[in-house]
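I took the domains first, then a helix pair, then a chain contact.

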Amino acid sequence: MRPTTRRVLAAAAGLALLATLPACADDAKQAAENVPGVTDGEIVVGTHQPLTGPAAPGYSKISAAVKAYFEHVNGKGGVHGRKIVYKVMDDGYNPANTENVVRKLVLDDKVFALLGGLGTPTHTTVLEFVKAQRVPDLFVASGSRNWNQPAKYPTTFGWQPDYTVEGKILASWVKREFPGATVCHFGQNDDFGRDSLAGVEQVLGPVAAKQTYTTTNQQVGPAIGALRAAGCQVVISASIPGFTALAMGQAAGQGFRAQWVVSNVGADYTTLAAQLGDKKVILEGMVADNYLPMVGDTTNPWIREYSRIHQRFNAGNPIDGNAVYGYSMAYTFVQALLAAGPEPTREKLVEAVRRGGFRGPGLTPFRYAEGVHAGYSGVRLSRVSGGAQTYFGPTYTTDDGGAAVTEFIEAPATPPADAVPTA
Amino acid sequence: MTTPRTGSTLLRHLAGAVLAGTLVVLLTNQLPPYENLQVARVCAFLCVTAGHTVLVGLNGQLSLGHGALMATGAYTVALVQRGLDERAVGGGWWVLPGSLLAAVAVTALGGLVVGLAAARLRGPYLAGVTLAVATLVPAVTTIFTGVFNGEQGLRFPAQAPPAALGPYFQPERWLAWIALAAALLTMLLLANLVRSRYGRSLRAVRDDEVAARLAGIPVARTQVLAFVVSAGCAGLGGGVYAVLTATVAPGKFPLDLSLFLLMAIVIGGLGSLAGAVWGALLLVALQDLPALLTEHLDLSTGLAQRLEGNLALAVFGLILIVVMLAAPGGLQGGVRALATRLRAAVRRAPDR
Amino acid sequence: MQRFWFLTFDGLAAGAVYAAFALALVLIWRAARVVNFAQGAMAVATAYVGYAVVGATGSYWLGLAAAVLAGLALGALVERVLMRFVGPAGPLNQVIVALGLVLLVQAVLGMVFGNGYRPAPAPFDTDALTVGGVAALSPYDLWVLGAALTVVALLALLFTRTPVGLRMRAAAFAPEVSRLLGVSVGRMLTLGWALAAGVGALAGMLVVPTGLGLHPHAMDLVFVVAFTAAVVGGLDSPVGAVVGGLLVGLILSYVTGYLGPDTTPLAVLVLLLAVLLVRPGGLFSAARARHV
């Protein structure tokens with residue numbers, strides 16, 4: 001054996017012995033810390049968002065609006081005297097990055113809660129971790145039904161109406177307006193498309209034709225061609241904005257005229273028109289649904305308040321459906337924080353959301369209750385006409401189970417002063 | 001080159017592994033949870049980059065598909081652990097090593113299939129085929145949704161530290177130890193392989209196939225075997241990577257991952273196991289850079305929004321370009337050159 | 001049968017776009033023996049230039065010209081400033097520099113123009129002409145096909161009929177000999193990169209209106225498919241690039257239409273293996289494959 005080898009061996013053995021010494025001194029201390037992320041002056045909240053990458057267009061503007069709203073609230077004195085700090089982490093819509101940044105937020109930055117983590121495949125991968133850490137995981141920005149599993153994931157809550165609720169309401173409108181028509185479905189090949197189709201078929205029975213797309217394949221021509229060949233008169237579409245524009249553009253190019261009925265997720269007129277440019281005329285007549293004030297409705301008191309906040313804190317971005325989404329979700333969060341009381345803990349926050357009862361910009365109540373962690377209970381239909389997307393007809397509510405679709409007649413709430421909730 | 005005495009080489013590598021392992025364990029004892037996860041991720045990536053650099057650097061076969069091989073290992077671990085859990089035989093200490101072993105075996109088999117095709121192909125044509133392999137993960141998981149649960153992926157029971165370590169033992173530290181064990185094992189085996197007769201065959205085939213054939217080296221078999229070994233390492237790394245978060249999903253293994261793996265080994269120093277360590281560090285740094293940059297730069301909101309995320313990518317792109325221009329042999333090549341120059345300077349000094 | 005014809009036309013339209021982009025990859029391979037992984041990002045950058053000019057002047061053709069000029073300049077710049085200094089350490093280093101360039105270009109585009117989609121108007125009608133009840137090609141598709149074929153014809157002329165073309169080929173295949181014969185290998189390399197990036201810019205302008213719109217990642221998917229097409233056709237052959245592009249477009253269309261959109265990556269792999277295991281240098285490989 002060479003001398004160097006022997007020396008290395010000796011050193012290694014010595015170090016190995018050292019390493020076996022117990023090292024749990026500070027672990028026990030860490031276990032008994034008080035409320036993470038809350039100090040006398042601040043509440044730290046975190047999120048994961050696609051600021052870059054293929055999902056960034058449009059969706060990256062949501063967190064900008066949330067941030068702007070919190071700045072507005074902080075300027076008015078914060079919540080129970082505490083300012084809200086919103087830590088936005090870019091995950092590029094890659095679940096591996098989501099897992100990583102959420103662990104950083106929870107373990108390193110010690111955030112009080114997660115708010116509005118965006119995306120189904122991304123957020124699904126952190127559910128178990130969030131549960132194990134008992135972090136409130138509020139208002140996941142996706143319409144998947146995954147967030148409504150209180151028995152499995154007691155701290156996770158949805159916010160927007162889920163895709164099945166949407167599918168049921170869109171389908172019952174189609175059933176009434178287009179009796180006997182050939183109705184087809186076009187959807188993303190994941191739970192977005194599947195949940196939507198489930199809701200549609202619950203109301204209409206099996207659709208005449210169903211086609212899917214996948215985000216990594218922009219060749220939607222064959223799918224649209226198949227819908228055209230099946231003689232579809234109505235196409236219910238569960239697609240993200242980019243693919244709504246692509247699919248409707250293909251349909252127009254193929255001379256395929258049908259009534260498009262599009263899920264709210266992919267139907268924001270401002271976003272679609274910006275992408276289509278001169279071709280935006282093909283959006284005329286498109287029916288969609290929404291549950292928040294329409295951005296083009298300048299007489300709406302919520303939109304007036306939001307516009308003022310937008311001008312002041314977020315002027316670099318267009319005010320569109322994504323911005324309204326961000327403002328409204330942030331508003332709901334402030335309501336929840338208020339309800340958690342002046343000395344908030346993670347348990348109190350979760351309990352406050354579970355009690356529910358928040359009314360705000362949304363057209364319908366939330367479904368939050370003991371054993372239900374689902375968000376908005378319904379939607380209202382909108383139509384594009386003359387370059388503007390406006391509501392028509394009544395608001396409907398239902399659930400993702402067997403409940404019927406019913407009209408909801410209560411008038412929408414009006415915003416408090418400065419659109420800052422007080423209780 | 002001296003003829004290696006097998007016994008002492010093995011012993012030296014073993015001692016080195018124990019030394020490195022001990023240092024890392026000491027380090028993990030001091031680190032808070034998230035930093036331990038970073039250590040764990042470096043170790044998981046090290047399994048992959050070490051095997052990858054042997055294939056690309058020592059054997060000269062370009063693979064752009066190692067992300068898909070990682071996914072194979074990750075999904076194997078998930079399926080095995082779920083299967084055991086459902087049959088209520090999970091929970092034993094052997095579940096983890098058993099599932100990782102299965103991951104190595106299944107991925108090595110996948111490597112055999114790719115390697116058989118690869119042995120006929122060269123340069124960009126091999127790149128084209130492996131690039132196609134890299135894009136397979138989302139397709140396969142969606143087509144066989146029943147098994148792989150589509151884009152939502154699979155969850156399996158998380159690894160808890162053994163009770164013997166006490167109730168307050170940091171779970172992330174345990175994960176770091178698991179990953180460390182896998183990385184040390186991989187490095188030890190590869191270091192010995194590289195020094196063996198087979199290692200010399202690998203290099204001979206890379207340098208000149210015709211000469212290697214004349215020297216009696218079975219070229220095709222050597223190449224296929226290199227792919228199998230490399231795939232096995234990627235499978236182990238992918239399996240450990242899955243264990244760290246107890247989830248797998250197709251989105252975790254996009255085409256970018258495969259490209260980043262290649263970047264990591266070239267920037268680290270192609271063909272060198274020490275370079276693979278640099279590469280693994282770089283991969284983790286890449287994942288954490290965006291958070292660091294956004295946190296420490298206080299900018300006006302308008303500008304910050306434009307820079308958010310983008311800035312980190314720009315910085316990383318620049319680093320790649322600058323390293324390649326300044327140190328064509330990668331970071332390890334640069335370190336080696338620097339050391340040589342230093343040693344020369346030291347040796348010269350007493351003469352004056 | 002109607003479905004089949006529809007998918008055929010759909011595949012040809014998509015294939016023309018892949019062919020145009022594969023051409024750019026072939027050009028650079030012929031000139032510098034390197035696969036330019038930054039081709040997509042460079043093409044997107046020039047497309048931003050092109051559509052900025054379209055927006056400012058209102059003329060698509062001025063924008064197209066501006067994009068191609070920007071491509072020529074960018075190609076020359078990348079070769080002169082970067083690739084020239086990476087060369088000797090091996091082809092992989094050039095690949096890594098190209099990948100670094102992808103990250104850098106996309107990030108800078110994102111910072112300057114934002115990550116959103118921008119509309120990319122097409123110069124011709126995108127409504128398909130109907131033939132026997134089947135939606136066939138649109139005027140725009142015909143323009144893309146025509147443009148790709150014209151470029152191939154021009155390149156063939158350049159490489160076989162002009163002294164510059166011959167020098168470029170010589171410089172790529174036998175740099176040492178060429179140098180002895182008085183060919184300026186360095187200048188030929190720069191010219192090769194410029195030409196390839198110019199064709200890439202043209203391809204980018206053709207591709208963008210058929211996809212989601214102009215955004216920093218607009219060419220990511222196209223790059224992968226076009227690379228496949230170039231490999232299938234044989235990286236040395238411009239004709240191979242066009243045939244490969246059309247073939248891949250057709251197969252993607254048939255597979256998407258008959259089997260569903262998820263299966264396309266599998267189909268691409270099967271196609272690659274089927275072609276390369278029989279002809280390891282692609283369909284139109286000129287040189288015989290090395291026997292090993």
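I am working from a predicted model. I looked up which residues join H3(A) to H12(A): Ala68(A), Tyr69(A), Glu71(A) and His72(A) in H3(A) meet Ile309(A), His310(A) and Phe313(A) in H12(A). By type, I sorted the residues of this contact into four nonpolar, two polar and one charged.

I then checked the geometry. Helix H3 of chain A covers residues 56-75 and helix H12 of chain A covers residues 301-313. The two pack at an angle of about 95°, and their axes are 9 Å apart. Angles of 65 to 115 degrees count as roughly perpendicular, so I noted H3(A) and H12(A) as roughly perpendicular to each other.

Entry 2, the domains of chain A. I found chain A divided into domain 1, made of 42-161 + 297-376, and domain 2, made of 163-290. Taken over C-alpha atoms, the centres of these two domains of chain A are separated by 28 Å.

How many residues of domain 1 of chain A are in contact with domain 2 of chain A? I get eleven residues of domain 1, in contact with 14 residues of domain 2. On the domain 1 side, the elements giving two or more residues are H3 and helix H13 (321-339) of chain A. That side divides into three nonpolar, six polar and two charged residues.

I recorded 39 residues of chain C in contact with 38 residues of chain B. On the chain C side, helix H4 (91-113), helix H9 (220-233) and helix H11 (264-278) are the elements that give two or more residues. Which of them gives the most? H4(C) does, with 14 residues. I counted the residue types on the chain C side as 29 nonpolar, eight polar and two charged.

Is H4(C) largely enclosed or largely open? I noted 19 of its 23 residues as buried, so H4(C) is largely enclosed by the rest of the structure. Just after H4(C), I marked Gly114(C), which takes a positive phi of about 85°.

Terms used:
Residues numbered from 1 in each chain as written. Chains lettered and ligands numbered in written order. Predicted model: local features only at pLDDT ≥ 70, side-chain atom pairs only at ≥ 80, totals over all residues. Axes fitted to C-alpha atoms, helices over the stretch in contact; angles between N-to-C directions. Helix = DSSP H or I, 4+ residues; strand = E, 2+ residues; numbered from the N terminus. Parallel < 35°, antiparallel > 145°, perpendicular 65-115°, else oblique. Contact = placed C-beta atoms within 7 Å. Nonpolar A, V, L, I, M, F, W, Y, C, P; charged D, E, K, R; others polar. Domains from an automatic or database assignment. Buried ≥ 20, exposed ≤ 12 C-beta atoms within 10 Å, placed from the backbone.
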